[in-house]
Every structure is written in C-alpha cells, then in structure tokens.
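Please look over the chain displayed here before reading the report, which goes from the overall fold to a few selected residues.

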Amino acid sequence: VELPDETLNQYVGDYILPDRVVNIKKERKLLRVTDINDGKPGWTKELFPETDSTFYLNYENVVYEFLKKGSTVTTLNIYENGKRIEEAIKK
C-alpha cells in the first residue's frame, strides 16, 4: 500500500505514554517511529502502511493503528500478536 503525503502527514507528531513518548515522522512514502525515553531517542524503525490507518514494523508482529475523532488524529494503539498492548494520546 502506498499512501498520499496528506494521509501520512496527519499521523506525524508525538504520542504520549506513561513511561515514554512515541514520535512519528514522515520519511518519503513511509513513517518512522522513534521511542523517546527521558527526552533521549531510543530505537527507531520504519513503519510500513497496511491500510490508510494501520502500519506494521517489518519482521515483527507489531501493528500501529491511528484513530481519529472527526478528521483529527487523537490516539495511537499499538498491537503485538493481534492484542492491544498500549494506547498513546497524541500531544
């Protein structure tokens, strides 16, 4: 799946979890996720589009799902092996 820039751009930003921040950036036709702990970047990986609102990490059974209220992205759900493991609120 290849998504238009307008779709990818709406997901860019910081998503807040109790113990860290999940940062999403656009790189060309993909998104990049970076885990930020205490203001310092940790691991970073490319997210590949599966649908217009779900993305996966290559070689891992992890899916990132972006949720909207109206036209505004509000929440990021992270699933592992089909089970939701985290819910982050967009800053």
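What percentage of the contacts in the chain with a separation of 6 or more is accounted for by residues 24 or more positions apart? The share is 27%, a value that, like the others in this report, comes from a predicted model.

## Overall architecture

The chain is built from one helix and eight strands, and when these elements are read from the N terminus on, they run in the order α-β-β-β-β-β-β-β-β.

As for overall dimensions, the C-alpha atoms fill a box of roughly 35 × 30 × 25 Å when this is taken along the principal axes. The radius of gyration of the chain is 12 Å, which agrees with the value near 12 Å that a compact globule of 91 residues would have.

## Surface and charge

Of the 91 residues, 34% count as buried, while the accessible surface of the chain comes to about 5,500 Å², with 48% of that surface belonging to carbon and sulfur atoms.

The charged side chains comprise 14 positive and 16 negative ones, and the centres of these two sets lie 3 Å apart.

## Aromatic pairs

With ring centres required to lie within 6.5 Å for a pair to be counted, the chain has five aromatic pairs. One of them is formed by Y11 and F55, whose rings are arranged edge-to-face, with 5.7 Å from centre to centre and 80° between the planes. This pair links distant parts of the chain, since Y11 belongs to the loop between α1 (5-9) and β1 (13-16), whereas F55 belongs to strand β5 (residues 54-57), 44 residues apart.

Are the two partners of this pair buried or exposed? Y11 is buried, because its relative accessible area of 1% falls under the 20% limit, and F55 is likewise buried, with a relative accessible area of 0%. Ring pairs also connect these two residues with others, so that Y11, Y15, F55 and F66 are linked into a cluster.

## Strands β6 and β7

V63 is found in strand β6 (residues 62-69), and N77 lies in strand β7 (residues 72-80). N77 counts as buried because its relative accessibility is 3%, under the 20% that sets the limit. Which residues does N77 contact, leaving aside its neighbours within four places in sequence? N77 is in contact with V63, Y64, E65, L67, R84, E86 and E87.

Not counting residues up to four places away in sequence, V63 touches E50, T54, F55, Y56, N77, I78 and Y79; the list thus includes F55, the residue of strand β5 that forms the edge-to-face pair with Y11. V63 and R84, which are 21 residues apart in sequence, have their C-alpha atoms 9.0 Å apart in space, and both V63 and R84 are among the contacts of N77.

P41 is found in strand β4 (residues 40-49). This residue is exposed, because its relative accessible area of 65% is over the 50% required for that class.

Once residues up to four places away in sequence are left out, P41 touches T34, D35 and I36. L31 is ten residues from P41 along the chain, and the C-alpha atoms of these two residues are separated by 16 Å.

Technical notes
Residues are numbered from 1 along each chain as its sequence is written. This is a predicted model: local features need pLDDT of at least 70, side-chain atom pairs count only at pLDDT 80 or more; totals for chains, interfaces and linings use all residues. Side-chain values use heavy atoms; hydrogens and water are left out. Rings of Phe, Tyr and Trp (its six-membered ring) pair if their centres lie within 6.5 Å; planes under 30 degrees apart count as stacked, over 60 as edge-to-face and the rest as tilted. Helices (H or I, at least four residues) and strands (E, at least two) are DSSP runs, numbered from the N terminus. Buried means under 20% relative accessible area, exposed over 50%, partly exposed in between (1.4 Å probe, protein chains only). Contact means heavy atoms within 4.5 Å. The radius of gyration is taken over C-alpha atoms; the globule rule is 2.2 Å times the number of residues to the power 0.38. Accessible areas come from the Shrake-Rupley method with a 1.4 Å probe; for residues, only the protein chains shown count as cover. Lys and Arg count as positive and Asp and Glu as negative; His and the chain ends are not counted. The place of a charge is taken as NZ of Lys, CZ of Arg, CG of Asp or CD of Glu.
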